[in-house]
Amino acid sequence: MRTQVAIIGGGPSGLMLSQLLHLKGIDNIVLERQSREYVLGRIRAGVLEHGFAKLMREAQCGERMDREGEIHDGFYISDNGNMRRVDLHKHSGGSSVVVYGQTELTRDLYEARDKMNGVVIHNAEDVQPHDLKSDQPYVTYRKGDEVVRIDCDYVIGADGFHGVSRKSIPRDVLKEYEKVYPFGWLGVLSRTKPVSPELIYAKHERGFALCSLRSQVLSRYYIQVPLTDTVEDWSDDKFWDELKRRLPADVAERLVTGPSIEKSIAPLRSFVAEPMRYGNLFLAGDAAHIVPPTGARGLNSAASDIYYLYHALVAHYKEGDDTGLDNYSAKALARVWKAQRFSWWMTTMLHTFPDSLPYDQKLSQTELEYLFSSERAQGSLAENYVGLPF
Ligand code: FAD
Ligand code: DHB
């Protein structure tokens, strides 16, 4: 088999790039290790930047997002019961975010790929990129007993944090920066009316909590838990009780509880791999960088990688101009590090760190006080949350 661009990973990054390239007549194949049902069963991001939404529209996948997604002009930060609003619209010069689930967005991308007869190969086992430094790279995968070879011009590693792409870059070339946080987020999805029309990020001495949503009938809640906890440690009742304790009393009183339809724990990690290019392999999204979810930057950072890569590949194929490909790693990393900084800042300010010094606790408290006393500080939060320009 031969294609122009072989894309490893059928998550949002891989599918979005595949769709955008196809629309420009650039041939590509997506290789996904899991089944489609498995990919769509993962509950992840919920908050999208307008830049991401714009890219969805450009990929001709924005119709349902525009119909069903909610525009959010602000969110709340609760500090041990004291709730204050961050006005994103006012402080970002009129911008906002879109609340639309990653599951739905991925479903829309799959449907668009199907409609255009895009090639997305599921259950591709043992995917392996080869000869990345040569002009004739290729990718192999196994389906049952058969090993299939795909020759290509470029390989895109969009296979998430645990994928094979990053690992195929030699250790002496790749530099990895990592920070692991001493807690995780326990997330619950429930078919209940959200407790608040806007998100509530709650700082509390018992630990962080987040009230989010997917629609007016589907709620998504998270609480900070120790890394040693498992999902089995948390019955629905125990989860709701703990969430209520971390919210302001009037919010806790309004909270509608119900059976969880999904419950999972995500560890919090910051990670960046440099460079994002090795020969003819280009990394994108979680394959190259991870953020703790607090600032809602993960998927949005993946989108900016895809934006740069898409334009670079179009310039290569349509104009013979390789500047975009040559500058990809540096350009993507510049924005990635800003998302890292913002996610680290939000995480540090809002979480309770085990064994933290009283001095550090005072500082994170002061960070919040400063934030709400300064229009400029709120401006900085808002411009990062709605998304820095691509
Ligand atoms: P992935 O979604 O990980 O997709 C990679 C794909 O590659 C997967 O389908 C995987 O099966 C496949 N794959 C892996 N290995 C191989 C292999 N060897 N061969 C073939 N295929 C392979 N981000 C936000 O912007 N906003 C939010 O509100 C937000 N909330 C979050 C909440 C939680 C609880 C979590 C965990 C994450 C959140 N994120 C958020 C982050 C966001 O979900 C990720 O950044 C996003 O999924 C990255 O997309 P991706 O396509 O790069 O990687
Ligand atoms: C969601 C996740 C986040 O990390 C965040 O900051 C906001 C919302 C969510 O899953 O809805």
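Two strands are taken to pair if DSSP finds at least two bridges between them. Helices (H or I, at least four residues) and strands (E, at least two) are DSSP runs, numbered from the N terminus. On that basis Y76 stands opposite R85 in β6. The two strands concerned are β5 (residues 74-79) and β6 (residues 82-87), antiparallel and joined over six bridges. Their hairpin has two residues between the strands, and N80 takes a positive phi near 45° there.

The structure is a predicted model, in which local features need pLDDT of at least 70, side-chain atom pairs count only at pLDDT 80 or more, and totals for chains, interfaces and linings use all residues. Residues are numbered from 1 along each chain as its sequence is written, while chains are lettered from A and ligands numbered from 1 in the order in which they are written. The mean pLDDT (the predictor's confidence in each residue, from 0 to 100) of the protein chain is 97, with 100% of its residues at 70 or more. The ipTM is 0.95 and the pTM is 0.96.

Strand β9 (residues 125-130) pairs with β10 (residues 138-143) in the antiparallel sense over four bridges, and the bridge partner of H130 is Y138 in β10. On to β11 (residues 146-151), β10 makes six bridges, again antiparallel; V139 has I150 of β11 as its bridge partner. Two residues lie between β10 and β11 in their hairpin, where G144 in the turn has a positive phi of about 65°.

The chain is divided into domain 1 (5-72 + 95-178 + 269-350) and domain 2 (180-267 + 353-385), with bounds that come from an automatic or database domain assignment. Their centres, taken over C-alpha atoms, are separated by 28 Å. Contacts (C-beta atoms, placed from the backbone, within 7 Å) link 17 residues of domain 1 with 24 residues of domain 2. On the domain 1 side, β7 (97-99) and α10 (323-350) each supply at least two of the touching residues. The most come from α10, with five residues. By class this side has eight nonpolar, six polar and three charged residues. Here Ala, Val, Leu, Ile, Met, Phe, Trp, Tyr, Cys and Pro count as nonpolar, Asp, Glu, Lys and Arg as charged, and the others, Gly among them, as polar.

Next come the ligands. A residue belongs to a shell if its C-beta atom, placed from the backbone, lies within 6 Å of the molecule. Ligand 1 has 37 residues around it, of which G9, G11, G160, G285 and G298 come nearest. The elements giving two or more residues to this shell are α1 (12-23), β13 (175-190) and α9 (298-319). The largest share, four residues, is from α9. The shell around ligand 1 has 16 nonpolar, 15 polar and six charged residues, and draws at least three residues from each of domain 1 and domain 2.

Around ligand 2 are A45, G46, V47, L199, S212, R220, P293, T294, G295 and A296. Five of the residues in this shell are nonpolar, four polar and one charged. Domain 1 and domain 2 both contribute to the shell, so ligand 2 lies between them.

An unreviewed UniProt entry places the feature "domain: FAD-binding" at residues 2-343. UniProt positions are given in the numbering used here, feature names are shortened, and annotations may be inferred rather than shown by experiment. Over residues 2-343 the chain is 32% helix and 32% strand, and the end C-alpha atoms are 40 Å apart.

Key: Contact = placed C-beta atoms within 7 Å.
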